[in-house]
Amino acid sequence: MILNTTGITIPVNRAEGDLEIRVEIEDGVVTDAWSAGTMYRGFETMMRGRGALDGLVVTPRICGICSLTHLTAAVEALDAISGVVPPDNARRLRNLALMIETVQSDVRQSILMFMVDFANRQAYRGLPALDEACARYAPLSGRAAIEVVRETKRLLQGVAIIGGQWPHTSFMVPGGVTSMPDISKILQLRIIIERFTAWYERTVLGCSLERWQAVDSIAALDAWLEESEQHRNSELGFFLQLARQTGLAELGRGPNCFLSFGNLPLPEDTTVSGRGGRFQQAGWAEGTTVHPLDATKIAEDTSHAWFAPKKEPLHPYDGETKPYASGHSGQVYSWIKAPRYGGRVVETGPLAEMIIDGRPLFLDLIGQQGPSVLVRQLARFIRPAYVLDTMHIWIDELRRHSMDFFYRSTRAIPDGEAAGMIQAARGALGHWVKVEDERITHYQIITPTAWNGSPRDASGARGAWEAALIGTPIDDSANPVAAGHVIRSFDPCLVCAVHCLVGGRKRGRMTLGVGNR
């Protein structure tokens with residue numbers, strides 16, 4: 001029992017939005033944790049009473065990192081309400097834009113957000129590869145950091161070709177897309193993705209996409225790392241070496257339950273294969289046991305969040321977003337609700353996708369070692385390797401079908417309700433929408449960080465990264481780098497997750513409560 005705590009604050013930088021993590025530590029180990037989103041935004045409230053199409057313009061402004069994913073969720077809900085199936089070319093363009101946004105996010109998060117911690121000279125002064133880590137990842141000067149900024153900026157030009165701008169484009173509409181690029185633009189898009197793929201293979205993987213696909217087990221991963229100096233010197237190889245030297249496989253266990261809404265609907269005429277009409281599968285998993293997704297089991301608990309209290313968790317179709325700041329009552333501590341699947345705490349993100357898609361390497365890693373910072377960050381590092389080939393296929397199909405339709409006419413949006421449920425870069429994203437008389441009467445959004453960074457629920461169950469922090473060693477409370485590894489492995493995005501900053505409280509801080517018996 002903690003009899004006394006002493007608050008110590010340190011910065012939690014490189015996290016999108018306003019995050020506060022409070023932990024208690026005992027004998028140098030985290031024994032409890034609380035995650036708080038400290039900003040209220042209220043997009044759901046803004047949407048009520050607006051025109052049915054306004055979500056296509058307003059919701060992409062929720063986040064400047066994953067604006068396309070919010071646009072996609074919004075338009076898929078309206079597609080469903082309208083009963084329209086977009087033509088194949090619209091599917092290809094929507095998918096390609098979304099894949100570009102996800103791929104650039106994965107590489108930027110890995111190098112610019114996560115790997116920077118290894119350039120922490122105070123925390124890792126005994127690390128043999130410290131000088132090399134600093135040369136690669138030091139902010140504003142590391143060669144890898146500079147390369148990633150340059151290459152991802154070029155890749156995002158592909159979204160500008162498809163949608164006119166990035167971020168905050170609104171080129172998707174119910175029934176398709178607003179325009180089809182001509183052949184010269186499609187060829188330009190192909191060159192952009194080919195160039196990025198070559199850079200990713202040479203720099204991040206240190207091998208071809210084909211060679212990486214053969215890495216299907218822990219043993220194969222070990223063999224790949226030993227195979228060549230090129231592999232070991234790649235960003236992925238260097239990450240694996242650092243991860244093993246710093247014990248990342250022992251950090252950040254989490255709930256060991258995973259959720260994916262699936263993504264990338266397949267065109268009717270395509271050589272790309274998938275299941276359930278999507279390239280990425282929907283489902284949830286206990287460890288490596290995968291179950292079908294039942295969207296009726298999704299509910300939001302507000303027992304520990306600053307929202308009007310409800311007796312029971314509510315499905316997003318019935319949910320409300322009514323801010324109710326009752327002050328520092330002790331029980332409530334976040335502007336993030338607590339989404340649960342069938343009452344369970346689940347983790348979402350690239351790792352969840354790998355498990356639910358049945359990727360053998362990750363089934364072996366989770367089956368033998370369980371979730372950790374290492375496996376979670378590995379999934380984000382190599383997710384592009386599993387989608388870049390498919391991007392090339394869909395570009396070639398666009399070229400062959402450049403004269404086909406890209407839009408099916410939809411008139412007024414009818415009365416109805418539907419959900420747009422997709423995978424954003426950080427995981428499962430859903431927009432639940434109701435329309436009446438061409439006006440939005442109801443809008444609820446659950447973001448990936450709401451799943452991962454939720455507060456406790458009515459049963460007292462911690463959110464995913466609250467649970468993952470338990471057991472984290474804190475060698476230096478003024479520089480708790482291990483806790484930073486755990487949080488950043490989830491790629492937090494608070495600007496998406498919160499639904500006003502509390503006066504007098506600092507932004508972006510981690511509070512350590514040091515327990516004394």
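Start by selecting Gly-453: at 0% relative accessibility, this glycine counts as buried (buried means under 20% relative accessible area, exposed over 50%, partly exposed in between, with a 1.4 Å probe and protein chains only). Before you go on, know that this is a predicted model, where local features need pLDDT of at least 70, side-chain atom pairs count only at pLDDT 80 or more, and totals for chains, interfaces and linings use all residues. Residues are numbered from 1 along each chain as its sequence is written, and side-chain values use heavy atoms, with hydrogens and water left out.

**Around Gly-453**

Gly-453 sits in the loop between α16 (448-452) and α17 (464-469). Those labels follow DSSP runs numbered from the N terminus: helices are H or I with at least four residues, strands are E with at least two. Which residues does Gly-453 contact, leaving aside its neighbours within four places in sequence? Show Ser-35, Ile-336 and Trp-465 to see them; contact here means heavy atoms within 4.5 Å. Now select Glu-466, which is 13 residues from Gly-453 along the chain, with 7.2 Å between the two C-alpha atoms.

**Zoom out**

Hide the side chains and look at the whole chain. The secondary structure comes to 19 helices and 15 strands. The radius of gyration of the chain is 22 Å, close to the 24 Å that the globule rule gives for 517 residues, so the chain is as compact as a globular protein of that length. Of the 517 residues in the chain, 60% are buried.

**Two arginines**

Next, select Arg-376, in helix α14 (residues 373-382). Is Arg-376 buried or exposed? Arg-376 is buried, with a relative accessible area of 2%.

Slide along to Arg-383, in the loop between α14 and α15 (388-400). Arg-383 is buried too, at 3% relative accessible area. Among the residues it touches, beyond four places away in sequence, are Thr-102, Asp-106 and Glu-353.

**Some backbone stops**

Pick Trp-166 and Pro-167 together: the peptide bond from Trp-166 to Pro-167 is cis, with omega near 0°. Pro-167 is in the loop between α6 (143-163) and β4 (172-173).

Then jump to Asp-437, in the loop between β13 (427-436) and β14 (439-446). Phi of Asp-437 is near 55°, a positive value in a residue other than glycine. Asp-437 counts as exposed, at 60% relative accessibility. Glu-438 lies in the loop between β13 and β14 as well, and its phi, near 60°, is also positive in a residue other than glycine. At 45% relative accessibility, Glu-438 counts as partly exposed.

**Last stop**

Finish at Gln-188, in helix α7 (residues 183-205). Gln-188 is partly exposed, with a relative accessible area of 36%. How far apart are Gln-188 and Ser-273 in space? Draw a distance from C-alpha to C-alpha: they are 25 Å apart, and 85 residues apart in sequence.

Methods. The radius of gyration is taken over C-alpha atoms; the globule rule is 2.2 Å times the number of residues to the power 0.38.
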